[in-house]
Amino acid sequence: MERRPDESLVHAARQGDVSAFGALVHRYRDRHARFAIRMLGSRDDAEDVLQSAFVRAHRHLAKCGDPARFGAWLHRIVVNECRTFATRRGAREQRLVRDDLLLASIEDESAPADVEMRSEVQHALAALPADLREAFLLKHVEELSYAEMVELTGAGESALKMRVKRASDQLRDQLEGIVRND
Amino acid sequence: MTDQDREDGAEFIERVARVLRAPEVLDDGFERRVMATVRADGGSDRARWRRPFTLTSTPLRALAMAAGFAAIVATGTVGVQRMLGGPGAEGTVATAVNATDTVHVVRFVLAAAGAREVTVVGDFNGWTRGATRLAPVGADGVWSVSLPLGAGRHEYAFVVDGERWVADPLALRHVDEFGTESSILRVGAEVQPGA
């Protein structure tokens, strides 16, 4: 079946077509789930944040300036929701993330060595300050350009480059000898 | 740091990133929960705006509105002249007039050469595209509309040909949490765009 463009779905949703918005949720849920899970270190928290992001997006759909770029607009909402959530979670963060990662590794059916490496990488990522973690994920995992990151985060390019560099340095310090060459 | 060190560092980060790029898949239950919440939350801004509402008016208010519209006619020309300062320039200006009592009529003006349609969206019309159209003024690509607004802070933007979102370059800008840029107008004792 032909893929209906975002622009058409946004226009229909603005007219009250809830199923058109449902198609947008289906299209973007997994794409943004990865960022939210990596950012928050918890699948449950990420689902809560994504749900909130989709509801807010629907509520304010009229303010989506360029419906053809709905995905980028939604991404910004997800990034903001993750920041808000991470700030609220505050001091509880480290313990919760550690617990969640342990649970996830128990349920993982991959080879034990892979599970261990994944667990260590995610734990090192969770130990980064939120702004460094966000910049690293957007650059190296979501593979955005710095111009896209500037648009998405509102931060300056030089500040973002500095955050990515500091995040990379800290990850290297923690993971050297754990992440394998393969 | 040598080139080799930099290369090794980039390779290491790529290996870390590869681990983190593994896809994540949410189950269909997530989608059902989201859509149930969306339905329970009500419609989008547009749908909210289309819900029935009651508007009350008093003779005093009607008189004040009439006075406001009369005053707008007197100041509208000033707004258009400001905007046409540069030949072929495209720009926007919102001029406002403080009427008596609680009603304020604001004139929104946009210079958009070649536009087929211009609308203004803002908190005052639920950000509904198409709800408030500007009318062409003369043949120079100038569009205008006058609206009665309540006192206080308002956010607005223009939409050209149903697609292009244009914030007012002469007013204070506001970028909301969704990354959308709009303009700010304060209506009250001192009525100025972006004041």
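## Chains A and B in conversation

Biologist: How many helices and strands does chain B have?

Modeller: This is a predicted model, in which local features need pLDDT of at least 70, side-chain atom pairs count only at pLDDT 80 or more, and totals for chains, interfaces and linings use all residues. Residues are numbered from 1 along each chain as its sequence is written, while chains are lettered from A and ligands numbered from 1 in the order in which they are written. Elements here are DSSP runs numbered from the N terminus, with helices (H or I) of at least four residues and strands (E) of at least two. On that basis, chain B has 4 helices and 10 strands.

Biologist: And in which order do the elements of chain B run from the N terminus on?

Modeller: The helices and strands of chain B number 4 and 10. Read from the N terminus on, they run α-α-α-α-β-β-β-β-β-β-β-β-β-β.

Biologist: What percentage of the residues in chain A is buried?

Modeller: A residue is buried if 20 or more other C-beta atoms, placed from the backbone, lie within 10 Å of its own, exposed if 12 or fewer, and partly exposed in between. Of the 195 residues of chain B, 32% count as buried. For the 182 residues of chain A, the buried share is 43%.

Biologist: At what angle do helix α2 and helix α7 of chain A pack?

Modeller: Contact here means C-beta atoms, placed from the backbone, within 7 Å, and A:Phe35, A:Arg38 and A:Met39 in α2(A) meet A:Arg133, A:Glu134, A:Leu137 and A:Val141 in α7(A). Axes are lines fitted to C-alpha atoms, for helices over the stretch in contact, and angles run from 0 to 180 degrees between N-to-C directions. With their axes 10 Å apart, α2 (residues 18–40) and α7 (residues 130–141) of chain A pack at about 145°.

Biologist: Which helix of chain B gives the most to the side that touches chain A?

Modeller: In the interface, 36 residues of chain B are in contact with 41 residues of chain A. The chain B elements that each supply at least two residues are α1 (3–20), α2 (28–41) and α3 (45–49). By class, that side of chain B divides into 17 nonpolar, 8 polar and 11 charged residues. With 9 residues, the most comes from α2(B).

Biologist: Is A:Glu143 buried or exposed?

Modeller: Most residues other than glycine have a negative phi. A:Glu143, in the loop between α7 and α8 (146–153) of chain A, has a positive phi near 60°. Because A:Glu143 has 11 C-beta neighbours inside 10 Å, it counts as exposed.

Biologist: What about B:Trp127, buried or exposed?

Modeller: Phi of B:Trp127 is positive too, near 55°, and the residue lies in the loop between β3 (118–122) and β4 (135–137) of chain B. Because B:Trp127 has 26 C-beta neighbours inside 10 Å, it counts as buried.

Definitions and conventions:
Two residues are in contact if their C-beta atoms, placed from the backbone, lie within 7 Å. Ala, Val, Leu, Ile, Met, Phe, Trp, Tyr, Cys and Pro count as nonpolar, Asp, Glu, Lys and Arg as charged, and the others, Gly among them, as polar.
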